[in-house]
Amino acid sequence: MWHGGYVSEIDYTHGYYGELAPARMRMIATLARQKTSVSEEPTYLELGFGQGLSLNIHAASNPGEFWGNDFNAGQAATAQELAEASGAGAHILDDSFEELASRNDLPEFDVIALHGIWSWISDENRAFIVDIARRKLKPGGILYASYNVTPGWSPAAPLRHLMKQYADRSTSGTLISKINQSLEFAERVVGADAAFFKANPAVAKRLEMLKKQDRRYLAHEYLNYNWDVMPFSDVAEMLSEAKLNFAASAQPIDLIDMLNFREPAMKMMQEIDDVVMRQTVRD
């Protein structure tokens, strides 16, 4: 399959994600007391850019050289139109991760960024991303990766599995109609007094939230063939193959312990020297 199990019937939503902004990344690194080599004119690569809105906004509003890759040709065409309209000159590619990893015309990058993609692709494609980072991220550069992490996403896994199984077994209708049917079916399961939802009331609330969200987002977030919720330690181990170490959460508020933890938890984490173990406990 050319799409590698990734939803391709429906394009991704048009959304802006500030976490991908290079200036924000430099700010986070400064707040976390992490030294980087990223300048104010970075060479920047976004992997899996969707409609390319964030990529093109950053290319138009920041000095530097901006590259983006998304294997969906339709989305790449939209991103190219945005690049031409802005005049910012972002380099738009529509390679698979395997093809991108084998290219010999890419520069070295100060920043490589991917939003959500890590959770929705195969182990093989994750390995290609690690290879790209190992060979093409400059020493002292920043890799930003968002993903669905345990334990926060763990209770949602059975709900997602239920929805995907129902949608996959539906024999008629568009993908959008199958999503609607799967949501209705999941709601019936909740209404049938399922013990899982009683034991995990936050999941029932998540279902209510999903009913209000854009069906294109739900298709890409919940219905890909690959959907992996990973502990931080697994991601850290994979990215260590690219000589990468954890720097900080991309959310500034996460850096302020007193806003997130009570005194006993803060004291406990201060006693943990190992970065991976400390972050595991934080999660």
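1. Let me start with Asp 193, which is partly exposed at a relative accessible area of 49%. Because the exposed class begins over 50%, Asp 193 stays in the partly exposed group with its 49%. Its salt-bridge partner is Lys 198, with the closest N and O atoms 3.1 Å apart. Lys 198 counts as exposed, at 57% relative accessibility.

2. A word on context: please keep in mind that this is a predicted model. Across the whole structure, a search finds 14 salt bridges, and the points here pick out some of them.

3. Do have a look at Arg 282 and Asp 257, whose side chains meet in a salt bridge at 2.5 Å, N to O. This pair links distant parts of the chain, 25 residues apart. Arg 282 sits in helix 13 (residues 275-282), while Asp 257 lies in the loop between helix 11 (232-240) and helix 12 (263-270). Arg 282 is partly exposed, with a relative accessible area of 21%, and Asp 257 is also partly exposed, at 25% relative accessibility.

4. Within helix 5 (residues 123-136), Asp 131 and Arg 134 are three residues apart, so about one helical turn separates them. Their side chains form a salt bridge, 2.9 Å from N to O. Arg 134 is partly exposed, at a relative accessible area of 45%.

Terms used: Residues are numbered from 1 along each chain as its sequence is written. This is a predicted model: local features need pLDDT of at least 70, side-chain atom pairs count only at pLDDT 80 or more; totals for chains, interfaces and linings use all residues. Side-chain values use heavy atoms; hydrogens and water are left out. A salt bridge is a side-chain nitrogen of Lys or Arg within 4 Å of a carboxyl oxygen of Asp or Glu. Helices (H or I, at least four residues) and strands (E, at least two) are DSSP runs, numbered from the N terminus. Buried means under 20% relative accessible area, exposed over 50%, partly exposed in between (1.4 Å probe, protein chains only).
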